[in-house]
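Hi,

Here is the structure I promised to pass on.

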Amino acid sequence: MNEEKNKGIAALAYLIFFLPLIVCKEDEFAMYHANQGLLLLIFGFGISFILGLIPILGWILLIFFPIVTLVFFFIGIMNALKSEKKPLPLIGGITILK
């Protein structure tokens, strides 16, 4: 089972999304989690930027947003370590990397 072989790389993709692109580009499982890691990175920066532009309410939400990102981060790592290809909540259905 190829998922077992590269599940460590897939889990690390949430920290360093491009690692599977370098180490195991041909592995569909690792690339799936690289895509999820990239989505999480874009989501984190994008929403933080947008919330930073919104006075008061956005700034208040910006205090709690890292908790949401951290939860998504741990969900992704747990999915990778369990050899599952489950999309992250809200953002997981988008494909950037193939």
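Lysine 82 is partly exposed, with a relative accessible area of 47% (buried is under 20% relative accessible area, exposed is over 50% and partly exposed is in between, using a 1.4 Å probe and protein chains only). Its side chain meets that of glutamate 84 in a salt bridge at 3.8 Å, N to O; the term stands for a side-chain nitrogen of Lys or Arg within 4 Å of a carboxyl oxygen of Asp or Glu. Glutamate 84 is partly exposed too, at 24%, and its side chain also forms a salt bridge with lysine 86, at 3.6 Å from N to O. Shared partners therefore join Lys82, Glu84 and Lys86 into one salt-bridge network. For lysine 86 the relative accessible area is 44%, which makes it partly exposed.

Before going on, a word on where this comes from: the model is predicted, so local features need pLDDT of at least 70 and side-chain atom pairs count only at pLDDT 80 or more, while totals for chains, interfaces and linings use all residues. Residues are numbered from 1 along each chain as its sequence is written, and side-chain values use heavy atoms, with hydrogens and water left out.

How many salt bridges does the structure hold? There are three. One of them pairs glutamate 28 with lysine 85, with the closest N and O atoms 2.7 Å apart. That pair links distant parts of the chain, 57 residues apart: glutamate 28 belongs to helix H3 (residues 28–53) and lysine 85 to the segment after H4. Glutamate 28 counts as exposed at 57% relative accessibility, and lysine 85 as partly exposed at 37%.

Now the overall layout. The chain has four helices and zero strands, in the pattern α-α-α-α along the sequence. (Helices are DSSP runs of H or I with at least four residues, strands are runs of E with at least two, and both are numbered from the N terminus.) Along the principal axes, the C-alpha atoms fill a box of roughly 50 × 20 × 20 Å. Of the 98 residues in the chain, 40% are buried. The chain exposes about 6,000 Å², and carbon and sulfur atoms supply 76% of that; these areas come from the Shrake-Rupley method with a 1.4 Å probe, and for residues only the protein chains shown count as cover. Among contacts with a separation of 6 or more, 56% are between residues 24 or more positions apart, where a contact means heavy atoms within 4.5 Å.

With 25 residues, H4 reaches 36 Å from its first C-alpha to its last, close to the 36 Å expected at 1.5 Å a residue (the expected span is 1.5 Å times one less than the number of residues). Buried residues in H4 include Phe65, Phe72, Phe73 and Ile77, along with Gly58 and Gly76. After H4 comes serine 83, with a positive phi near 60°.

There is also a nonpolar patch on the surface, formed by Ile56, Trp59, Ile60, Ile63, Phe64, Ile67, Val71 and Ile75, with about 800 Å² of accessible area together. Patches are built from residues with over 30% relative accessible area and no salt bridge, joining like charges within 9 Å and nonpolar side chains (Val, Leu, Ile, Met, Phe, Trp, Tyr) within 5 Å. Some notes on its members:

- Isoleucine 56 sits in the loop between H3 and H4 and is exposed at 59%; its phi is near 55°, a positive value in a residue other than glycine.
- Isoleucine 60 lies in helix H4 (residues 57–81) and is partly exposed at 44%.
- Valine 71 is found in H4 and is partly exposed at 42%; its C-alpha is 21 Å from that of phenylalanine 18, 53 residues away in sequence.

Last one: leucine 90, in the segment after H4, is exposed at 78%. Phi of leucine 90 is positive as well, near 70°. Leucine 90 and alanine 34 are 56 residues apart in sequence and 17 Å apart in space, C-alpha to C-alpha.

Cheers
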